[in-house]
Every structure is written in C-alpha cells, then in structure tokens.
Amino acid sequence: MGKVILEMKNITKTFPGVKALDNVNLQVEEGEIHALVGENGAGKSTLMNVLSGIYPYGTYEGSIIYNGEECQFQKIKDSENKGIVIIHQELALVPQMSIGENMFLGNERGKKNAINWNETYGEADKYLKMVGLSESSHVLIKDIGTGKQQLVEIAKALAKHAKLLILDEPTSSLNETDSRALLDLMLEFKKQGMTMIIISHKLNEVVYVADKITVVRDGSTVETLDCHNMEIDEDRIIRGMVGREITNRFPKRENVAIGDVNMEVKNWSVHHPVYTERKVVDNVSLTVRAGEVVGIYGLMGAGRTELAMSIFGQSYGYGITGTLTIHGREITLKNPREAIDAKLAYVTEDRKGNGLVLSNPIRVNTSLANMKGVSEKGIIDVDKEYAVAVEYKDKLKTKTPTVEQNVGNLSGGNQQKVLLAKWMYTDPDILILDEPTRGIDVGAKYEIYCIINDLVRAGKSVIMISSELPEVLGMSDRIYIMNEGRFVGELNADEATQESIMASIIQSGRE
Amino acid sequence: MSINVKAVLKKYFMVLVLVAVLLAFHAVTGGKMLLAQNINNLISQNAYVFVLAAGMLLCILTGGNIDLACGSVVCFVGGIGAVMMDHDLPALLAVVVMLIGGLLVGAWQGFWIAYIKVPPFIATLAGMYAFRGLSNVVLQGYAVGVRNEFFLNVFGGGADCYVPDFFGNGELNITCVLTGIILAAVYVILVMRKRIAAKAKGYSVEPFYSTLIKAVIICAAVIWFFFKLAQYKGIPTSLIWIGIVLLVYSYITANTTMGRYLYAVGGNEKATTLSGIDSRKVYLFAYVNMGLMAGLGGILTIARATQAQPTFGQGYEMDAIAACFIGGASAYGGEGNIFGIVIGALLMGVINMGMSIMGTDANYQKVIKGLVVLGAIIFDVLSNKKKN
C-alpha cells in the first residue's frame, strides 16, 4: 500500500435541478495510475473540475485532502500551484503560435511584462525531450499532428511542475499508434513516481494502463477495482458502468436477405484540396448490396471520411477520378443535393461540427435535408413538419420532452439519433454512417446498432465507417480495411478477427 | 404559473424596456412624449429604419453578416429617382427603376460575398464608399427636389401624407380608428383559429390564459396606437409600407423554406451544405433582399424630404444594424425575428424623439444611443451564459 496522496470525501455538487455528484469518494495513492470510467454524463468530468478548482470551494460539499492537508481551491491557479494539473479533452493550444509560446502561455518565462525568449525555448526543449517529442519548440502548433499536440499538452503540464496529472480522454483524437505511445509514456512517468488520473471511454486502454479503476455511475462512485488483486477485463468494467451484465453488445441480425448491388465505386481517387499533388484516396473500389452492412475500418487519417465525402456529391477533394454506379446506372454527383436525389445519405462524423444546427429544435433539424417533403412551393407546412419530427422521435426512441427542444440541449446519443432521423427522412437507399457511435454511451450505442439493423432489414445498404474494431467486427457483413488512402484488405464477417485485420494493416505498412 | 415568469420576462424584456422608456419620457416631458403628433412622427421619421432593418435581419441571420453599404445605396437609388422625376418622367417608372436599382446593387454585392467569398464586411464597406460616390455623381453634388404629387402622396412625403378619412367629421379620424379595431379583430380571429386547429390535431397548446393575456395586451396596444394616430391626422402613408414589409418578411422568415435556410446557414453552415442546401444561394438571397429594401428605403427617404441630397442616408446602415441587435438578433447568426426588430427600431426611435423633446444635446443623444446598443447586447450575452 502506497501513501494516499489524494482523497476526495463525500463530494456532492448540485447544478440547478440536477445532482451531478452525489457523495462521491475517491482515493488515489502516490505513484499510481488511477482510471475513472463511466458513461457519458456520469459525472467524471464534473469531479475533476471540482478537484482542479474550476468549480471553486464553496460551490460543492465535501472535502478534498491532498498530501495530508485540506484544500480549498478558489481557481485553477490554486490547484496548479499544488501540482495538480488537468489536461482537457479539447486541446487548448493556439495553432498560430509556436510550441514554446504555447507551453508557457499564461506562465511566461522572464521578468514581469518582458518575456525571456531564450529561457522560454530552452525550457520548452527540455520538457519536450521528457515527453519524447523530437520537434523543435520553435515549430508552430498547426504544423504538427494531433498526436504531437497532445504530447505538447503534457509537456506543458510538466512545465507547471505537475505532481498529480489528470488526463481527460487523452486519446480520443489520436490514432492507434499515437495512443499506444501516449499510454507507454504514462507508464514511463509512473516509474518516475508521477501520480496520474485518466478519464477514458476506451476500456482496452484503461485495462492496459491502470493500477486501479473507479467506476462512476449516475453521479456516484460504484466501486473501485484493483487491477493487481484480480483479473479485470472489459466486460467486468462494463458491468459496473451500466449496472447490469451486457451479454451481447451487438444485437443479432437475423433473416436479412442480401440482395442486388446498390452502389459500386470503382478506381476512386481523390486529391487533397489544398496540397493538390497529394492523393488522399488512392484507387479504391467497393460495392455494397441491399440488406448489407459494409464496414470500413481504418485508423484516423486513413482517408475514410475523405472517401465518403468525395462520394457524397464531391463534398471534399480535388481532381476526383473513378466511376460511381448506383442501382446499375453510372452517374456523376456534383453536389450534396444531387447525391441526396440519387438516394444517398452521408451521416457525418462530427455531429456538432457539420451534422446538426445546434441552435435549432429537433423539428427543424429533422426536416433540413428534405425540405421538399414538408413544404409546397417554398412554403413550409409546419404541422406536417412537426408530425414528421414526432414520428422519427418515436421510431428512434429519442429521449426528449418535445421536438421543439433545441438539439444543443440533448445528450450525444440523442443528438446522434436526430442526425440519423434527418437522413432517414430523405428516404435513402444507401447510408454512409461515419463513426456513428463516437462519444456516446454503451446503452445508446446498442440502440444505434438496432437502428442499423432495422435499416438493412428494410432493404437499405449501410456503409459503416469506424475506428472501433469490436464494433466493425460485431456489426458488419463484410469489412474493408483502409490504410493510408488505400483499401488493403477485404474480409467477410466470418473470417475477420482483430488479428487478421491488424495484420493486413501492418502488412500494408511494410510494402 | 410561477415557472414561466422568468422565461416570459426574458422573451419580452425589450418590450418591457420599451414601455418603461416610453413612460419615463412621458413623465419627464410632462406628457409631450405621447402626444398624437409625436406618435405620428415616430412612425414616419423612422420608416426607413423598419424597412432597412427587415433587410438587414436576413443578412444577420446568415451568420452575423451586415451590410454597411445600405445607407449609401438609399442615397444612390433615391438620387436616381429624384433626377428621373425632375426630368418629368412618370413616378411609377421612377419607382420601378429605384427598386430594380436596389435589387441590382444587392445582387452585385451578394455575388462577391456568396460566390467569391469576399467577407461581407469588406464587400459592403467597398459598396459604402462606391455608392456614396455614385450618389454624388448622379446628383452632381446638388440637392434635387421632388415635386411629383402622386409620388409624394403614395410614399408619405410633404405635408399631406396621410390616408384620407372616408367618414371624416374633422375631429377624430374615423377610418383610422376603424382600421385599428379591424386589425385587432383579425389578429384575435387568426390566433383563435390557429389554436383550435392545433388542438384538433392534438398538438400541445399554451394555456388559454396565456393566449388570452397576450391577445388582450396586443389588441389594447394596437387600438391605442391607432386611436392616437386618429387624434392627429390619421394613418401616415409610410405606415402602410412599413406594415407590408414587416408582414411579408415575417412570413418569409417564419414560413418559407428560404427563411429556414437563412437560420440554418447562420446556425451551422457546414451541416446545411451537407444537407444538400446551396449556402451560396442563401447568401445571395439575403443580400439581394437587402438591396431591394435599400431601394424602398431610398423611395421613402426622398418622399419624406421631398428632395434628394448627396448626404442622405448617412448612418442609416448603423440604425438598421442597431435595431436588429437591440431586437435580439444574434451577432453570430441563426437567431432573431421580425417582431424583435420592430421593438428595436421603436426603442431607438422613442429614445431619439424623447431626447429631442427634452432638448438634450445632439452629441449626448449619440452617447445614449451607443449605450443602449451595448446594454442590449450585454443583456443578450449574459442571459445566454446563464442558460449554459
């Protein structure tokens, strides 16, 4: 047993109308990696915000004991002075500034009002070395990838002399390789005696890195699992998170007849819109049949979204070549409108960024891609629009008091359902779903899978793009594997395994 | 009932401010503020604000985009019309040319903004200089008088710019009073019909007392307003134009697909584009409309002044923008409505008039106006912050 460095006792935090945290207890020992897991909205981030002083002392009940003394943080600076540093999910870096400038932003080296640039960059380089980043600290943030940006965030935390490092979803925007590197770096820090708290949705990573796992559900701590005393696997954690055993994470799909080819893409190549000599999608061919779920698995940056958007009315890319055949007819789709008219739907990856109009109600978002359906000669029939929104709300079991609710007020899972409703209302034959379950909790994921099954049962074709291997394996009839712009493998569901898929990616990397 | 008080207060905050300001001026000026003549002037003096703000609202909805050029366009178009009528061309032709002129200017600016992606601020800043210059060219630097009687009567200029009283006995304008009563009645009928239809279809409706209170307040305000107008000379002709513009634009923003697209583009342009909507057409529509409204603004302006001068319309764009923001339009786009800009325009008009009656120094009037705009935005930002 190590020394307890942090103890949060009976923390209760209420927002108007909601008890976000209810008597939460958390004990972290010195030198361990402590994982905090739970569904979306369970209260993990709220707890960390209490700890780091974002919610100042007095706005919550309970006590925080750090290094044996009770802390009453009024602001973030107070907790940082004690060595508690939080790295948020969204990177807080200024793209136009250099790594060094970013690292000491708000914490500048030198005299008051006069920055000592030599010290800034010298110190920055020192910390960059500690996180294993070989870039110069003069390089601008926008010129390095997200994986390296995440490392800069960590270096920035180290520069604040962090003793307790909190990482909120540190790998959510990283690819597999970068994620693994980051986790290994955490293990390295642990050896040097650093204490860390990691919040993550990715349970395989949690299992890989954590010494202890605390499960949070509905604002309370459910249990703390010690990974050294017992065998912990993902199913064990999920049981704690949802409070019941999920025997099957993927609903069975039975008696779905696979029909004719609905869409065929041949020799599809797409160039980057700015760096036009770069091929983002390279000679890709795919088919999808009626009643079929085709998975496209690939890491972030493999060109999956680019492929989908270029097919969907050339919404991305430059110098697109190749042929597109829908229902046996070769066609060219010049814009999203033509794609929608050709019975194609693209459910975007980033539902907040380019999927939904958050400031508008569910009703408006549902009809947006098919205004013709609820209007005549440019005049909207609001009654009909309302009826449509209610119909899809009921069909997809969207949890909301009314369809007049603004989409921005819904949870991630319900937003995803509204997004699906919008595209289902365009009555497509082929749906491309880009990361349909990213950032939503286990229960909502299951419901989305059920919707996918209903779609193919109705004879639609579904192309599901995902970087979650279990999901691709659990849902697809056929899987394409994409790496660096090319398809590097195609497997039927019965022959695909995690190993065979990873093998084809590694194989292609060697070529 | 207590649950909704806060929401109602927030929604109608600017209305309450307007009433409060009106009553305050009434008290300070010893009742002069609410004299019939002043209420009349309030409308005809600010006709251009209502009209330009309606056009400006569409631009702002698309993402907080504004049109700095509309003041210059008012002058430019007005100049063309004045010169045409000075050459004894028919008023109707002049009106058509002015409206089409405004439309073309809007199309010109809209093209650069929508298709070439010139930032609206820059494109319309350029327009502001260019059309101011062209106004001078058209008018050759002089004031040109407008004497066409038909034109002046129809668009509310000169001395005799009121709808004639058909039942007149001199004292009280009966036509005007009747109009007010009819409008109130039509409003009540429409609201009730909508309510009954909604109930028949099983939609949730607001509680009856809420509808009733709203209807009573609105009817009382409308009848009071027309009664005041009747005590002076009746309905200013410019009010008819304002009414038409406001009705048409509230219909466009609330009930048409194009209106919906304006909100959607302002709310999330990427999502809108990927939903198969051509956002370029939406921008073009907004600016073409702004041009058209600038054309109408030009007509009303030269009619009221019975002349065109190269300096006309200066600062009009700012009045329109201010009316929109005071009326609750979001500076980031996607939020705002016609009812709001009416309140915004009235509030500005009342403050102007009240201070003029009090004899406040013109420079301080500007200071107060600035503070009102700032205050409205601060209120908007703070109330949204609490929501999050």
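## Confidence

Among the elements of chain B, helix 1 (residues 5–11) has the lowest mean pLDDT, 77, while helix 6 of chain B has the highest, 97. Here pLDDT is the predictor's confidence in each residue, on a scale from 0 to 100, and helices (H or I, at least four residues) and strands (E, at least two) are DSSP runs numbered from the N terminus. Across chain B the average pLDDT is 90, with 96% of the residues scoring at least 70. For the complex, the predictor gives an ipTM of 0.85 and a pTM of 0.81.

This is a predicted model, where local features need pLDDT of at least 70, side-chain atom pairs count only at pLDDT 80 or more, and totals for chains, interfaces and linings use all residues. Residues are numbered from 1 along each chain as its sequence is written, and chains are lettered from A and ligands numbered from 1 in the order in which they are written.

## Helix 6 of chain B

Helix 6 of chain B runs over residues 91–115, so 25 residues, and reaches 35 Å from first C-alpha to last, close to the 36 Å expected at 1.5 Å a residue. That expected span is 1.5 Å times one less than the number of residues. After helix 6 of chain B comes B:K117, with a positive phi near 65°.

## Where the chains meet

The contact (C-beta atoms, placed from the backbone, within 7 Å) takes 24 residues from chain A and 19 from chain B. On the chain B side, helix 12 (257–267) and helix 13 (269–274) are the elements giving two or more residues. Helix 12 of chain B gives the most, with six residues.

## Nonpolar cores

A nonpolar core is a set of buried Ala, Val, Leu, Ile, Met, Phe, Trp, Tyr and Cys residues joined through C-beta atoms within 7 Å; buried means 20 or more other C-beta atoms within 10 Å of the residue's own, with C-beta atoms placed from the backbone. The largest core has 190 residues, and B:V51, B:L52, B:A53, B:M56, B:L57 and B:C324 touch the most other members. Helix 14 (residues 279–305) of chain B supplies the largest share of this core, 15 residues.

Leaving out residues up to four places away in sequence, B:V51 touches B:I242, B:V245, B:M293, B:L296, B:G297 and B:L300.

## A sheet in chain A

Four strands of chain A make an open, antiparallel sheet in the order 14-13-16-17; strands pair if DSSP finds at least two bridges between them. Strand 13 (residues 261–271) and strand 14 of chain A share seven bridges, and A:M263 stands opposite A:V288 in strand 14.

Key:
Contact = placed C-beta atoms within 7 Å. Buried ≥ 20, exposed ≤ 12 C-beta atoms within 10 Å, placed from the backbone.
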